[in-house]
Amino acid sequence: MKLKKILKKSLKNKKCIKIEDVKEDFLKKAKKNGYKKKESLDFYYSHIAKYLKKLLKDEPVLIFLGTGHALVSEYYNTCFLIGTYDNFLLVDCGGGQTVLRQLKQLGIDPLSIKNIFITHTHQDHFLGLFWMLRVIGYSMIYGRTNTDLNLYGSAQVIERIKVISKELYRENFMDLLGKRIRLHELNDGIRLGLSGSNYTFFDIGSDKKEQFGFKADIGGCSVSYLGDERFRGSETPYVKGTDYLIHEAFCLNKDEPRMQPFPKGHSTVKYAAKTAKKMDCHNLILVHTEDESYLKRERLYKKEAKKYYKGTVFVPDDLEIIRLRK
Ligand SMILES: [Zn+2]
(Lines give C-alpha, C1' and ligand atoms only; values in the text may rest on other atoms or scores of the structure.)
Protein backbone atom coordinates (compact mmCIF):
# COMPACT_ATOMS: atom_id res chain seq x y z
CA MET A 1 0.00 0.00 0.00
CA LYS A 2 1.72 3.15 -1.17
CA LEU A 3 -0.07 5.81 0.84
CA LYS A 4 2.72 8.26 0.22
CA LYS A 5 2.26 7.93 -3.53
CA ILE A 6 -1.54 8.31 -3.33
CA LEU A 7 -1.37 11.45 -1.21
CA LYS A 8 1.41 13.02 -3.23
CA LYS A 9 -0.45 12.41 -6.47
CA SER A 10 -3.64 13.94 -5.06
CA LEU A 11 -2.08 16.96 -3.47
CA LYS A 12 0.98 17.97 -5.41
CA ASN A 13 0.98 21.44 -6.96
CA LYS A 14 -2.60 22.20 -6.01
CA LYS A 15 -3.42 25.71 -4.79
CA CYS A 16 -5.95 24.21 -2.43
CA ILE A 17 -6.39 20.72 -1.05
CA LYS A 18 -9.80 19.23 -0.36
CA ILE A 19 -9.15 16.82 2.43
CA GLU A 20 -12.39 14.89 1.86
CA ASP A 21 -11.30 14.06 -1.69
CA VAL A 22 -8.00 12.78 -0.42
CA LYS A 23 -9.76 10.67 2.19
CA GLU A 24 -12.16 9.13 -0.31
CA ASP A 25 -9.39 8.48 -2.77
CA PHE A 26 -7.33 6.90 -0.04
CA LEU A 27 -10.18 4.69 1.21
CA LYS A 28 -11.02 3.50 -2.30
CA LYS A 29 -7.45 2.47 -2.96
CA ALA A 30 -6.95 1.12 0.53
CA LYS A 31 -10.03 -1.12 0.12
CA LYS A 32 -8.69 -2.53 -3.14
CA ASN A 33 -5.52 -3.39 -1.30
CA GLY A 34 -7.41 -5.38 1.30
CA TYR A 35 -7.86 -2.85 4.10
CA LYS A 36 -11.16 -2.96 5.96
CA LYS A 37 -12.90 0.42 6.32
CA LYS A 38 -12.33 0.72 10.05
CA GLU A 39 -8.68 -0.16 9.81
CA SER A 40 -8.29 2.22 6.93
CA LEU A 41 -9.82 5.10 8.88
CA ASP A 42 -7.53 4.47 11.82
CA PHE A 43 -4.66 4.24 9.41
CA TYR A 44 -5.77 7.51 7.80
CA TYR A 45 -6.04 9.41 11.09
CA SER A 46 -2.68 8.26 12.31
CA HIS A 47 -0.88 9.00 9.05
CA ILE A 48 -2.55 12.06 7.55
CA ALA A 49 -0.67 14.63 9.65
CA LYS A 50 2.66 12.98 8.90
CA TYR A 51 2.07 13.06 5.17
CA LEU A 52 0.55 16.53 5.04
CA LYS A 53 3.43 17.79 7.11
CA LYS A 54 5.88 16.21 4.71
CA LEU A 55 4.05 17.56 1.67
CA LEU A 56 3.51 21.10 2.95
CA LYS A 57 6.81 21.34 4.84
CA ASP A 58 7.14 24.95 6.01
CA GLU A 59 4.62 26.36 3.54
CA PRO A 60 2.20 28.87 5.08
CA VAL A 61 -1.37 27.61 4.87
CA LEU A 62 -4.93 28.31 5.92
CA ILE A 63 -6.94 25.28 6.98
CA PHE A 64 -10.66 25.84 7.29
CA LEU A 65 -12.21 23.72 10.04
CA GLY A 66 -15.60 25.29 9.27
CA THR A 67 -16.99 27.66 6.65
CA GLY A 68 -20.66 28.22 7.57
CA HIS A 69 -22.57 30.93 9.41
CA ALA A 70 -24.16 30.45 12.84
CA LEU A 71 -27.22 28.39 11.90
CA VAL A 72 -25.91 26.04 9.23
CA SER A 73 -26.07 22.28 9.56
CA GLU A 74 -24.21 21.17 6.40
CA TYR A 75 -21.01 22.92 7.47
CA TYR A 76 -19.27 23.64 10.74
CA ASN A 77 -19.23 27.27 11.87
CA THR A 78 -16.41 29.35 10.40
CA CYS A 79 -13.06 28.85 12.11
CA PHE A 80 -9.59 28.13 10.79
CA LEU A 81 -5.94 27.45 11.40
CA ILE A 82 -3.30 29.81 10.00
CA GLY A 83 0.43 29.19 9.98
CA THR A 84 2.68 26.28 9.11
CA TYR A 85 2.06 22.66 9.99
CA ASP A 86 2.47 22.10 13.75
CA ASN A 87 2.72 25.84 14.38
CA PHE A 88 -0.75 27.24 13.95
CA LEU A 89 -2.81 30.07 15.33
CA LEU A 90 -6.40 28.83 15.72
CA VAL A 91 -8.84 31.60 14.77
CA ASP A 92 -12.19 31.03 16.49
CA CYS A 93 -13.43 27.58 17.49
CA GLY A 94 -16.94 27.34 16.04
CA GLY A 95 -19.89 26.64 18.27
CA GLY A 96 -19.27 23.17 19.65
CA GLN A 97 -17.46 19.92 20.06
CA THR A 98 -17.13 19.50 16.27
CA VAL A 99 -13.92 21.52 16.52
CA LEU A 100 -12.31 18.40 18.01
CA ARG A 101 -13.65 16.18 15.22
CA GLN A 102 -12.35 18.53 12.53
CA LEU A 103 -8.88 18.56 14.07
CA LYS A 104 -8.94 14.77 14.31
CA GLN A 105 -9.85 14.44 10.63
CA LEU A 106 -6.70 16.42 9.81
CA GLY A 107 -4.59 14.40 12.20
CA ILE A 108 -3.91 17.53 14.29
CA ASP A 109 -3.59 17.02 18.05
CA PRO A 110 -5.47 19.78 19.98
CA LEU A 111 -2.53 19.77 22.40
CA SER A 112 -0.29 21.03 19.58
CA ILE A 113 -2.27 24.31 19.44
CA LYS A 114 -0.47 26.94 21.52
CA ASN A 115 -2.30 30.08 20.39
CA ILE A 116 -6.03 30.72 19.96
CA PHE A 117 -7.59 34.02 18.88
CA ILE A 118 -11.30 34.60 19.40
CA THR A 119 -12.82 37.34 17.20
CA HIS A 120 -15.92 37.89 19.36
CA THR A 121 -18.25 36.19 21.81
CA HIS A 122 -21.07 35.10 19.50
CA GLN A 123 -21.75 31.43 20.12
CA ASP A 124 -20.84 30.23 16.60
CA HIS A 125 -17.27 31.50 17.14
CA PHE A 126 -16.84 31.17 20.86
CA LEU A 127 -18.40 28.06 22.40
CA GLY A 128 -16.09 25.55 20.69
CA LEU A 129 -13.31 27.14 22.75
CA PHE A 130 -14.69 25.49 25.87
CA TRP A 131 -14.23 22.04 24.29
CA MET A 132 -10.66 22.95 23.39
CA LEU A 133 -10.13 24.15 26.97
CA ARG A 134 -11.64 21.00 28.36
CA VAL A 135 -9.19 18.83 26.39
CA ILE A 136 -6.15 21.05 26.83
CA GLY A 137 -6.83 22.14 30.44
CA TYR A 138 -7.44 18.64 31.76
CA SER A 139 -4.42 17.35 29.84
CA MET A 140 -2.40 19.95 31.74
CA ILE A 141 -3.94 18.85 35.05
CA TYR A 142 -3.25 15.15 34.40
CA GLY A 143 0.30 15.76 33.15
CA ARG A 144 -0.35 14.78 29.54
CA THR A 145 1.17 18.00 28.14
CA ASN A 146 3.92 20.40 29.12
CA THR A 147 2.85 23.03 26.61
CA ASP A 148 1.11 26.19 27.77
CA LEU A 149 -1.80 27.83 25.94
CA ASN A 150 -2.28 31.49 25.01
CA LEU A 151 -5.74 32.95 24.40
CA TYR A 152 -6.17 36.28 22.60
CA GLY A 153 -9.27 38.45 22.37
CA SER A 154 -10.95 41.72 23.27
CA ALA A 155 -11.65 42.70 26.89
CA GLN A 156 -15.16 41.28 26.39
CA VAL A 157 -13.79 37.92 25.17
CA ILE A 158 -11.35 37.63 28.07
CA GLU A 159 -14.01 38.50 30.63
CA ARG A 160 -16.48 35.94 29.17
CA ILE A 161 -13.82 33.20 29.16
CA LYS A 162 -13.40 33.71 32.92
CA VAL A 163 -17.14 33.82 33.65
CA ILE A 164 -18.09 30.76 31.57
CA SER A 165 -15.08 28.71 32.73
CA LYS A 166 -16.18 29.25 36.31
CA GLU A 167 -19.56 27.74 35.48
CA LEU A 168 -18.12 24.76 33.60
CA TYR A 169 -14.93 23.66 35.31
CA ARG A 170 -13.63 22.69 38.72
CA GLU A 171 -11.21 24.70 40.84
CA ASN A 172 -8.15 22.79 39.61
CA PHE A 173 -8.93 24.08 36.13
CA MET A 174 -9.52 27.64 37.32
CA ASP A 175 -6.03 27.55 38.87
CA LEU A 176 -4.62 27.26 35.34
CA LEU A 177 -6.25 30.47 34.11
CA GLY A 178 -3.70 33.26 34.01
CA LYS A 179 -0.90 30.74 34.59
CA ARG A 180 -0.60 27.90 32.06
CA ILE A 181 -3.64 29.18 30.17
CA ARG A 182 -2.66 32.78 29.63
CA LEU A 183 -5.24 35.41 28.73
CA HIS A 184 -4.12 38.26 26.46
CA GLU A 185 -6.40 41.27 26.09
CA LEU A 186 -6.04 42.90 22.67
CA ASN A 187 -6.05 46.62 21.97
CA ASP A 188 -6.88 48.21 18.65
CA GLY A 189 -3.77 48.16 16.42
CA ILE A 190 -1.67 45.90 18.66
CA ARG A 191 1.14 43.99 16.91
CA LEU A 192 2.15 40.54 18.06
CA GLY A 193 4.45 37.79 16.84
CA LEU A 194 2.48 34.51 17.09
CA SER A 195 3.25 31.01 15.85
CA GLY A 196 6.14 32.30 13.73
CA SER A 197 4.18 35.11 11.98
CA ASN A 198 3.44 38.78 12.61
CA TYR A 199 -0.10 39.87 13.37
CA THR A 200 -1.74 43.27 13.71
CA PHE A 201 -5.11 42.99 15.44
CA PHE A 202 -7.73 45.68 14.99
CA ASP A 203 -11.22 46.55 16.18
CA ILE A 204 -13.55 46.13 13.17
CA GLY A 205 -16.02 48.66 14.63
CA SER A 206 -18.94 46.27 15.00
CA ASP A 207 -22.20 47.72 16.27
CA LYS A 208 -23.08 44.31 17.77
CA LYS A 209 -20.53 42.57 20.00
CA GLU A 210 -17.00 43.97 20.29
CA GLN A 211 -15.09 42.26 17.46
CA PHE A 212 -11.48 42.12 16.27
CA GLY A 213 -9.95 41.19 12.93
CA PHE A 214 -6.29 40.95 11.90
CA LYS A 215 -3.70 41.46 9.26
CA ALA A 216 -1.09 38.70 9.20
CA ASP A 217 2.33 38.72 7.54
CA ILE A 218 3.18 35.10 7.09
CA GLY A 219 5.97 33.58 4.99
CA GLY A 220 6.10 36.60 2.64
CA CYS A 221 2.29 36.74 2.19
CA SER A 222 -0.22 39.08 3.77
CA VAL A 223 -3.67 37.98 4.89
CA SER A 224 -6.51 40.16 6.16
CA TYR A 225 -9.53 38.94 8.08
CA LEU A 226 -12.54 40.94 9.26
CA GLY A 227 -14.24 38.35 11.45
CA ASP A 228 -17.83 37.65 10.51
CA GLU A 229 -18.82 41.16 9.42
CA ARG A 230 -18.59 43.04 6.14
CA PHE A 231 -15.90 45.56 5.25
CA ARG A 232 -16.97 49.05 6.27
CA GLY A 233 -14.02 51.24 5.26
CA SER A 234 -12.27 51.96 8.56
CA GLU A 235 -10.28 48.71 8.09
CA THR A 236 -8.66 50.01 4.87
CA PRO A 237 -5.12 50.44 6.32
CA TYR A 238 -5.10 46.75 7.28
CA VAL A 239 -6.81 45.35 4.17
CA LYS A 240 -5.47 47.46 1.27
CA GLY A 241 -3.16 45.46 -1.00
CA THR A 242 -3.13 42.28 1.07
CA ASP A 243 -2.46 39.09 -0.89
CA TYR A 244 -5.46 37.31 0.63
CA LEU A 245 -8.68 38.81 1.93
CA ILE A 246 -10.87 36.44 3.96
CA HIS A 247 -14.36 38.00 3.80
CA GLU A 248 -17.72 36.70 4.96
CA ALA A 249 -20.41 36.21 2.29
CA PHE A 250 -23.71 35.40 3.89
CA CYS A 251 -25.46 34.61 0.58
CA LEU A 252 -25.67 35.26 -3.15
CA ASN A 253 -26.85 38.68 -4.29
CA LYS A 254 -30.15 37.30 -5.60
CA ASP A 255 -31.02 36.03 -2.11
CA GLU A 256 -30.27 39.34 -0.38
CA PRO A 257 -33.93 40.56 -0.22
CA ARG A 258 -34.99 37.29 1.40
CA MET A 259 -32.00 36.62 3.69
CA GLN A 260 -31.35 40.24 4.69
CA PRO A 261 -27.60 39.98 5.39
CA PHE A 262 -26.91 43.72 5.66
CA PRO A 263 -28.97 44.50 8.81
CA LYS A 264 -27.06 41.63 10.49
CA GLY A 265 -23.66 43.17 9.67
CA HIS A 266 -23.07 40.62 6.91
CA SER A 267 -22.97 40.91 3.13
CA THR A 268 -23.30 39.13 -0.20
CA VAL A 269 -20.78 37.56 -2.58
CA LYS A 270 -21.15 40.63 -4.81
CA TYR A 271 -20.30 42.99 -1.95
CA ALA A 272 -17.26 40.92 -0.89
CA ALA A 273 -15.98 40.74 -4.49
CA LYS A 274 -16.37 44.50 -5.00
CA THR A 275 -14.48 45.05 -1.73
CA ALA A 276 -11.61 42.78 -2.84
CA LYS A 277 -11.39 44.75 -6.11
CA LYS A 278 -11.49 48.14 -4.38
CA MET A 279 -8.84 47.04 -1.88
CA ASP A 280 -6.55 45.55 -4.58
CA CYS A 281 -6.39 42.17 -2.86
CA HIS A 282 -4.97 39.42 -5.08
CA ASN A 283 -7.05 36.56 -3.67
CA LEU A 284 -10.49 36.49 -2.10
CA ILE A 285 -11.62 33.74 0.26
CA LEU A 286 -15.37 33.59 0.94
CA VAL A 287 -16.59 32.04 4.20
CA HIS A 288 -19.33 32.30 6.88
CA THR A 289 -22.02 31.39 4.33
CA GLU A 290 -25.51 29.90 4.22
CA ASP A 291 -25.89 26.19 3.46
CA GLU A 292 -28.95 26.24 1.16
CA SER A 293 -26.55 26.18 -1.79
CA TYR A 294 -24.69 23.18 -0.36
CA LEU A 295 -22.88 21.20 -3.13
CA LYS A 296 -23.44 24.10 -5.55
CA ARG A 297 -21.92 26.72 -3.28
CA GLU A 298 -18.41 26.81 -4.73
CA ARG A 299 -19.62 27.03 -8.34
CA LEU A 300 -22.33 29.65 -7.70
CA TYR A 301 -20.27 31.85 -5.40
CA LYS A 302 -17.26 31.84 -7.75
CA LYS A 303 -19.49 32.68 -10.71
CA GLU A 304 -20.98 35.69 -8.92
CA ALA A 305 -17.63 36.90 -7.54
CA LYS A 306 -15.96 36.72 -10.96
CA LYS A 307 -18.44 39.27 -12.33
CA TYR A 308 -16.99 41.95 -10.07
CA TYR A 309 -13.42 40.84 -9.36
CA LYS A 310 -10.54 39.55 -11.49
CA GLY A 311 -8.36 37.96 -8.79
CA THR A 312 -8.48 34.36 -7.62
CA VAL A 313 -11.58 33.37 -5.66
CA PHE A 314 -11.63 30.53 -3.13
CA VAL A 315 -14.83 29.13 -1.66
CA PRO A 316 -13.34 26.50 0.63
CA ASP A 317 -15.14 23.45 1.93
CA ASP A 318 -14.78 22.46 5.56
CA LEU A 319 -11.33 20.89 6.04
CA GLU A 320 -9.91 22.51 2.90
CA ILE A 321 -6.31 23.66 2.93
CA ILE A 322 -5.36 26.83 1.05
CA ARG A 323 -1.66 27.23 0.35
CA LEU A 324 -0.65 30.86 0.84
CA ARG A 325 1.45 31.92 -2.13
CA LYS A 326 2.62 35.31 -3.37
ZN1 LIG B 1 -20.71 34.29 13.02
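1. Basis. The model is predicted; local features need pLDDT of at least 70 and side-chain atom pairs count only at pLDDT 80 or more, while totals for chains, interfaces and linings use all residues. Residue numbers start from 1 along each chain as its sequence is written.

2. Overall make-up. The protein chain has twelve helices and 15 strands; helices (H or I, at least four residues) and strands (E, at least two) are DSSP runs, numbered from the N terminus. Of its 326 residues, 44% count as buried. Here a residue is buried if 20 or more other C-beta atoms lie within 10 Å of its own, exposed if 12 or fewer, and partly exposed in between, with C-beta atoms placed from the backbone.

3. Contact range. Two residues are in contact if their C-beta atoms, placed from the backbone, lie within 7 Å. Among contacts between residues at least 6 apart in sequence, 62% join residues at least 24 apart.

4. Strand β15. Strand β1 (residues 16–18) pairs with β15 (residues 320–323) in the antiparallel sense over three bridges. Strand β2 (residues 61–66) also pairs with β15 in the antiparallel sense, over three bridges. Two strands pair if DSSP finds at least two bridges between them. Isoleucine 321 in β15 stands opposite isoleucine 17, and isoleucine 321 is also the bridge partner of isoleucine 63.

5. Aspartate 86. This residue is not a glycine, yet has a positive phi of about 75 degrees. Most residues other than glycine have a negative phi. Aspartate 86 sits in the loop between β3 (79–84) and β4 (87–91). It is partly exposed, with 14 other C-beta atoms within 10 Å.

6. Aspartate 280. A positive phi, of about 55 degrees, is found for aspartate 280, although it is not a glycine. The residue lies in the loop between α11 (269–278) and β13 (283–287). Aspartate 280 counts as exposed because it has 12 C-beta neighbours inside 10 Å.

7. Threonine 145. The loop between α6 (129–141) and β6 (149–153) holds threonine 145. With 19 C-beta neighbours inside 10 Å, threonine 145 counts as partly exposed. Leaving out residues up to four places away in sequence, threonine 145 touches Leu111, Ser139 and Met140. Leucine 111 is 34 residues from threonine 145 along the chain, and their C-alpha atoms are separated by 7.1 Å.
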